[in-house]
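I wanted to walk through this one slowly and jot down what turned up. Here are my notes, in the order I looked.

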Amino acid sequence: MILYLSALLFSLYGFWLLLSGFWHDSLLLGLGGVSVLLVAVLAARIERRDPEHHYLSLLVQLGAYWFWLLRKILVANRDVVLAIWRPQRYPISPTEIRLASSQRTPTGRTIFANSITLTPGTVAMEVDDEGIVVHALQTQAAQDLARGEMDRRVSRLERSAK
Amino acid sequence: MIILEILSWLLLLFGAFLGISGAVGILRFPDFYTRIHAAGVTDTLCAGAILCGLMLQAGLSLVSVKLAFILLFLWFTSPTASHALASAARHAGLKPHLAPSREDSPSTP
C-alpha cells in the first residue's frame, strides 16, 4: 500500500510537472503538490476494495509487449488499407469467432480485449468469464487470433505481474 | 535539420493518407461492424503518424511530451470506445453481415 501510494504520488507529480511546465514558481509547484496529494488520497480510498496491486512490475514488462503489439498494429493496418483501396484483390470476409482467454485477472482480460480492438481488422464485441467474442474484417485475421499467440503473451505479462 | 523536416513531412503525409483511407473505408464497407475496422485505421496508425510528425516539428520540448501523452491516451481510449460501440450494437440485436463459411465457398487467398 505504501509502495503503491508513493509510486502514485511520484508519477502523478511527474505528470503534473510535464504538463504544466512551471519548474520555478514555488507557489504553483506547491499547489500542484496539494492537488496531487488530494488525487492520491482519493485514489487510495477507491483502491482499498481492489486487491490488485501489482501494476509496478507490470509496467516494466509492458514495454516489450507494446513493441510486439506495435508490429502487429502495423501489419493489421496494411491489411485493412489494402482491403479499402483494392477490394477486388483483397476481398473482405467478415467473421465472428469466439476465443478462449486464459487470463485470470480483470486487468489481464482488459489488456487482451483492448489489444484485439486496437489492431485494426479485429474488434472485441463481448467479453465474459470464459472468453471473448471477436468480429474480424477478414477471416485470416480471425485465424491469426485463434492461433493464440496474443493470448499467450498477455497471460505471460499477467503472470509476471504477480 | 533538413532530414528531420523531410521525415516529419513524410510522416504527416502518410498519416493524412491513412486518414483518407479510413474515411473511404467507412463509406465503402457494407455494415456497421466492418466500418468500425475502417475507423480503427484512423484511430491507430493515422493518429500515430501525424502525432510523430508533429513531434519531429516540435523537437525536444514539453510540446513533444504532451503530444506523446496524447498518443498514449488515444491508444488507451480509442479501443475502449470501439468496443463500447460494437458491444452496444450487439446488445441492441444488430446482426453482422458475415462471409459464407469457408467450407461452402472457394477459399480466399
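**The sheet in chain A**

I started at a turn: a hairpin of three residues links β2(A) to β3(A). A reminder to myself that this is a predicted model.

I then checked how these two strands pair. β2(A) and β3(A) run antiparallel, with five bridges between them. One spot I clicked on was Thr122(A), whose bridge partner in β3(A) is Ala136(A).

On to the other neighbour of the strand. β3(A), residues 131-136, is also joined to β1(A), by six bridges and again antiparallel. Here I noted Ile97(A), which stands opposite Val134(A) of β3(A).

Putting the strands together, I get an open three-stranded sheet in the order β1-β3-β2 of chain A, paired antiparallel. β1(A) and β2(A) are at the edges with a single partner strand each, so each has one side without a neighbour in the sheet. Ignoring direction, neighbouring strands are turned by 30° against each other on average.

**What packs on it**

Next I looked for helices against the sheet. Helix α5 of chain A (residues 139-146) lies across β1, β2 and β3 of chain A, and it runs at about 5° to β1(A). The other chain joins in too: helix α3 of chain B, residues 62-91, packs on the sheet and touches β2 and β3 of chain A. The direction of this chain B helix makes about 60° with that of β2(A).

**His135(A)**

His135(A) sits in strand β3 of chain A. Is His135(A) buried or exposed? I found 28 C-beta neighbours inside 10 Å, so His135(A) counts as buried, the cut-off being 20 or more.

I listed what His135(A) touches, skipping residues up to four places away in sequence. In chain A these are Pro94(A), Glu96(A), Val123(A) and Met125(A); from chain B come Tyr33(B), Ala86(B) and Pro96(B).

Ser6(A) is 129 residues away from His135(A) along the chain, and their C-alpha atoms are 41 Å apart.

**Core**

Which residues have the most contacts inside the largest nonpolar core? I got Val80(A), Ala124(A) and Val134(A), in a core of 44 residues. Helix α2 of chain B, residues 32-58, gives the largest share of this core, 12 residues.

I went back to Val134(A) for its contacts beyond four places in sequence. Among them are Ile97(A) and Leu99(A), Ile116(A), the run Thr122(A), Val123(A), Ala124(A) and Met125(A), and also Ala142(A) and Leu145(A).

**Where A meets B**

I counted both sides of the contact: 30 residues from chain A and 32 residues from chain B. On chain A, α1 (2-20), α3 (55-85), β1 (95-100), α4 (106-118) and β2 (122-127) each bring at least two residues. α3(A) gives the largest share of that side, seven residues. By class, I have the chain A side down as 19 nonpolar, nine polar and two charged residues.

Notes. Residues are numbered from 1 along each chain as its sequence is written. Chains are lettered from A and ligands numbered from 1 in the order in which they are written. This is a predicted model: local features need pLDDT of at least 70, side-chain atom pairs count only at pLDDT 80 or more; totals for chains, interfaces and linings use all residues. Two residues are in contact if their C-beta atoms, placed from the backbone, lie within 7 Å. Helices (H or I, at least four residues) and strands (E, at least two) are DSSP runs, numbered from the N terminus. Ala, Val, Leu, Ile, Met, Phe, Trp, Tyr, Cys and Pro count as nonpolar, Asp, Glu, Lys and Arg as charged, and the others, Gly among them, as polar. A nonpolar core is a set of buried Ala, Val, Leu, Ile, Met, Phe, Trp, Tyr and Cys residues joined through C-beta atoms within 7 Å. A residue is buried if 20 or more other C-beta atoms lie within 10 Å of its own, exposed if 12 or fewer, and partly exposed in between; C-beta atoms are placed from the backbone. Two strands pair if DSSP finds at least two bridges between them. Axes are lines fitted to C-alpha atoms, for helices over the stretch in contact, and angles run from 0 to 180 degrees between N-to-C directions.
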